[in-house]
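Please read the numbered points below alongside the sequence and the coordinates. They take up charged pairs, the contact between the chains and the aromatic rings in turn.

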Amino acid sequence: MNITATLIGQMLFFVVFVWFTMKFVWPLITTAMAERQKKIADGLAAADRAAKDLELAQDKATAALREAKEEAGKIIELANKRAAEIVDEAKQQARAEGDRILAAAKAEVDQEAHRAREQLRKQVSALAVAGAEKILAKSVDQKAHSDLLEKLAAEL
Amino acid sequence: MASGTITSTEYIQHHLTNLVYGKLPAGHVGHDGVMLTQDTWTFAHSSQEIAAMGFWAFQVDSLGWALALAILLGTAFRWAAVKASQTTASAPSGLANFLEMAIEFIDNQVKDTFQHKNPIVAPIALTLFTWIFLMNTMDLLPIDVVPKIAAAVAGNDHLFFKVVPTTDPNITLGMALAVFLLVLWYSFTRKGLVGFIKELTLHPFSAKNPVVQAIFIPVNLALELVNLLAKPISLGLRLFGNMYAGEMIFILIALMYSGGWLIATAGDFFAGLGGTLMFVGGGLLQFVWAVFHILVITLQAFIFTILTVVYLSMAHDVADEHH
């Protein structure tokens with residue numbers, strides 16, 4: 001173990017090496033690393049923000065969906081109600097129409113029956129007169145007996 | 001062991017001797033028996049020649065490895081720095097990532113330890129930590145491999161060649177001294193001459209009475225000077241001692257290992273058995289010690305670095321602050 005000029009040589013190497021590191025390595029790399037750190041921090045912050053935005057958007061979407069569902073429900077309900085109403089109306093109309101047709105038919109039937117009865121009555125009175133004429137074998141004064149005949153016809 | 005002809009002592013001695021280029025003084029009788037007529041710069045051929053060179057000698061292997069590793073590190077860091085500054089948008093990968101981790105680690109350590117503003121401290125810490133770590137790591141290379149290659153390249157079987165720069169006190173003390181000079185410089189510039197002298201003379205003993213204080217001053221000065229001078233010496237010698245001891249154990253294990261080989265091949269059955277045990281045990285020990293040494297390597301590099309930062313931090317402390 002002897003101290004030699006190597007000591008001085010090593011001191012020189014050391015100084016030069018430190019100078020090199022200080023000049024060409026340290027500032028460059030620490031700046032770059034700080035810059036990258038900032039970028040990473042920014043990126044993380046952006047990611048956080050994006051996550052929050054996403055959450056917000058999802059909330060909004062869920063709300064919109066719910067609203068739409070509610071609206072659709074309302075519309076369906078309304079449609080159902082309207083359909084029921086239409087059916088009811090149709091039923092009522094149909095019933096009224098039926099009633100009307102029935103009534104008209106009845107009236108017609110009544111009329112026909114009445115007419116037939118009138119005809120029958122006339123024919124019966126004529127038949128009765130003809131029968132009586134034949135029975136009495138003499139001409140009956142139609143005018144003198146018309147009241148009687150009419151009474152007879154009305155009784156039929 | 002290189003061959004059966006050299007003894008264990010020679011083997012150890014050989015491994016502990018540097019490749020030295022220095023100035024042999026006039027009048028020195030060289031290894032070939034010729035007396036030098038004037039001062040000559042040459043490679044030393046023996047430890048006697050190294051001793052004869054005195055101060056004017058360079059440990060070529062230590063300096064060479066230190067410089068080679070410094071260039072390697074400097075290139076790697078420069079590459080990482082350029083890459084980092086070009087690609088701040090993407091994540092670093094591989095070696096660049098590793099180097100950035102090292103830088104961040106050092107940066108955090110320095111920020112924790114060094115509270116003052118000085119742009120030189122963090123680069124010093126980075127340089128010291130990575131450089132010493134790499135120089136120490138050379139210890140993990142198998143102890144004979146690089147010297148053998150060097151000997152083959154130089155064509156000289158007896159070439160001295162040490163691989164671990166930090167087992168050379170010149171290297172460790174060189175860095176420690178440079179740190180010490182910085183400590184002195186910042187002590188002067190931050191505290192002023194008066195502040196620095198005050199710090200050396202008024203602590204640790206002080207008194208209200210001026211007469212007693214006057215008696216205390218030389219005592220304080222002696223204590224503080226020892227304290228001050230102990231810093232670079234302990235800094236340099238701690239690293240040197242640890243690495244030297246570690247390498248010594250590697251050498252001893254290598255001796256046991258190759259000795260086992262020699263005994264095992266001697267022919268006798270029991271010698272063969274014992275030799276084989278030594279051979280295998282030596283190999284195992286080599287592995288175990290290398291694994292343990294990883295810890296020592298890192299720890300010593302870290303201690304040197306952190307102590308440097310602490311010393312520089314103390315140099316920046318103005319006396320009034322730490323009452």
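1. B:Glu199 has a relative accessibility of 14% and therefore counts as buried, where buried means under 20% relative accessible area, exposed over 50% and partly exposed in between, with a 1.4 Å probe and protein chains only. Its side chain meets that of B:Lys191 in a salt bridge at 3.1 Å, N to O, and B:Lys191, at 12%, is likewise classed as buried. A salt bridge here is a side-chain nitrogen of Lys or Arg within 4 Å of a carboxyl oxygen of Asp or Glu.

2. On provenance, this is a predicted model, in which local features need pLDDT of at least 70 and side-chain atom pairs count only at pLDDT 80 or more, while totals for chains, interfaces and linings use all residues. Residues are numbered from 1 along each chain as its sequence is written, chains are lettered from A and ligands numbered from 1 in the order in which they are written, and side-chain values use heavy atoms, with hydrogens and water left out.

3. The salt bridges over all chains come to 9, and among them is the pair A:Lys38 and A:Asp42, at 3.2 Å from N to O. A:Lys38 is exposed at 54%, whereas A:Asp42 is partly exposed at 41%.

4. Between chain A and chain B the count is 1 salt bridge, formed by B:Glu100 and A:Arg36, whose closest N and O atoms are 2.6 Å apart. The side of chain A that touches chain B has 19 nonpolar, 7 polar and 3 charged residues; Ala, Val, Leu, Ile, Met, Phe, Trp, Tyr, Cys and Pro count as nonpolar, Asp, Glu, Lys and Arg as charged, and the others, Gly among them, as polar. The contact, meaning heavy atoms within 4.5 Å, takes 29 residues from chain A and 53 residues from chain B.

5. A search of the whole structure gives 17 aromatic pairs over all chains. The ring centres of A:Trp19 and A:Phe24 lie 5.6 Å apart with planes at 85°, so this pair is edge-to-face, whereas A:Phe20 and A:Phe24, at 5.4 Å and 45°, form a tilted pair. Rings of Phe, Tyr and Trp (its six-membered ring) pair if their centres lie within 6.5 Å, with planes under 30 degrees apart counted as stacked, over 60 as edge-to-face and the rest as tilted.
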